[in-house]
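Dear colleague,

I am passing the structure below to you, together with some notes on what came out of going through it. Please read the notes with the sequence and the coordinates open beside them.

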Amino acid sequence: MALRDNAICHSPAGHLRYVKRKKPIRKTPSVEEFKPIVANIRAQHFNPGAQQSADFVEFIGLAGLGQAEASALRANDIDWERETITTFRHKTKTGFAIPLYPQVRELLWRRCARLNRGCDQRVFGIAEAKKAIAGACRRLGLPKYSHRSFRRMFITRAIERGVDVKTIAEWQGHKDGGKLILDTYSHVNRAHSQRMAQLMNDKPAENVIPMNPVAGENAKLAKNTLRTT
């Protein structure tokens with residue numbers, strides 16, 4: 001403002017340059033940590049909202065959606081015949097569809113059994129489960145995970161299981177073909193790459209069935225016969 005109002009002739013910060021911040025590798029729970037967290041939340045019998053919170057957290061981890069998408073999910077967003085879930089990404093203001101993953105089907109079926117399937121009611125009656133997550137992590141002696149931590153767990157697990165990055169990006173509602181995921185989860189890609197590198201050896205591939213030599217000769221003979229006729 002001083003420079004604009006001619007109070008000073010040049011900016012004392014004019015020589016400073018923006019320093020790109022390093023991207024931190026955020027703590028991501030493993031599946032072995034995620035399951036006890038959900039179970040611990042569910043086990044708080046004196047908390048009337050424990051079951052609701054446990055289902056909410058479990059859905060985020062199994063479906064890979066964010067807190068806003070999970071809280072906005074309605075029963076009629078689930079297409080049981082086509083096995084898809086239609087959701088809306090609030091960050092990018094775009095709608096997209098994800099598969100009804102087998103690992104989340106039972107949970108949603110149970111939640112929707114309380115509602116009229118196809119109705120416009122919300123599947124979850126809460127918007128967040130921050131206190132429930134914090135309490136479970138504290139009781140279990142785990143790092144302070146958040147809703148986003150479980151979404152990262154889903155993406156990490158998908159990469160480790162060999163799901164291609166473009167497909168994962170589509171599941172997340174990204175339109176960049178997987179660039180953001182490749183940049184953010186490069187540490188996971190390196191670990192996965194090392195595991196895949198172990199497949200590059202001189203042993204016969206396990207998924208290739210060797211051809212019977214006799215069958216091979218018969219195939220060549222039949223091919224030559226066709227050429228001469």
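**Confidence and overall layout**

Among the elements of the chain, helix H10 (residues 213-228) has the lowest mean pLDDT, at 58, while helix H5 (residues 130-140) has the highest, at 97. This is a predicted model, and the pLDDT averages 84 over the chain, with 76% of the residues scoring at least 70. Where pLDDT is low, the predicted coordinates should not be read in detail.

The chain has ten helices and three strands, and their order along the sequence is α-α-α-β-β-β-α-α-α-α-α-α-α. Of the 229 residues in the chain, 32% are buried. When contacts between residues at least 6 apart in sequence are considered, 59% of them join residues at least 24 apart.

**Helix H6 and what follows it**

Helix H6 covers residues 147-160, and since 14 residues at 1.5 Å a residue should span 20 Å, the 20 Å that separates its end C-alpha atoms agrees with the expectation. H6 is mostly covered, with eleven of its 14 residues buried; among them are His-147, Arg-151, Arg-152, Phe-150, Phe-154 and Ile-159.

Just after H6, Gly-162 takes a positive phi of about 95°, and this glycine sits in the loop between H6 and helix H7 (165-171). With a relative accessible area of 47%, Gly-162 is partly exposed, because that value falls between the 20% and 50% cut-offs. In space, the C-alpha atom of Gly-162 is 9.4 Å from that of Met-196, although the two residues are 34 apart in sequence.

Arg-195 is itself partly exposed, with a relative accessible area of 39%.

**The second largest pocket**

The volume of the second largest pocket is about 290 Å³. Its lining is made up of 16 residues, and those nearest its centre are Gly-61, Leu-62, Gln-103, Phe-154 and Arg-157. Helix H1 (31-42), helix H2 (50-63) and H6 are the elements that give two or more residues to this lining. By residue class, the lining divides into ten nonpolar, two polar and four charged residues.

**Two single residues to look at**

Glu-83 is found in the loop between strand E1 (78-79) and strand E2 (84-89), and its phi is near 55°, a positive value in a residue other than glycine. Most residues other than glycine have a negative phi. At 44% relative accessibility, Glu-83 counts as partly exposed.

With best regards

Notes. Residues are numbered from 1 along each chain as its sequence is written. This is a predicted model: local features need pLDDT of at least 70, side-chain atom pairs count only at pLDDT 80 or more; totals for chains, interfaces and linings use all residues. Side-chain values use heavy atoms; hydrogens and water are left out. Helices (H or I, at least four residues) and strands (E, at least two) are DSSP runs, numbered from the N terminus. The expected span of a helix is 1.5 Å times one less than its number of residues. Buried means under 20% relative accessible area, exposed over 50%, partly exposed in between (1.4 Å probe, protein chains only). On a 1 Å grid over the protein atoms alone, a cavity is a set of points where a 1.4 Å probe fits but cannot get out, and a pocket is an open set with protein on both sides within 12 Å along at least five of seven lines; lining residues have an atom within 4 Å of a point. Grid points are joined across faces, edges and corners, and a volume is the space filled by probe spheres set on the points. Ala, Val, Leu, Ile, Met, Phe, Trp, Tyr, Cys and Pro count as nonpolar, Asp, Glu, Lys and Arg as charged, and the others, Gly among them, as polar. pLDDT is the predictor's confidence in each residue, from 0 to 100. Contact means heavy atoms within 4.5 Å.
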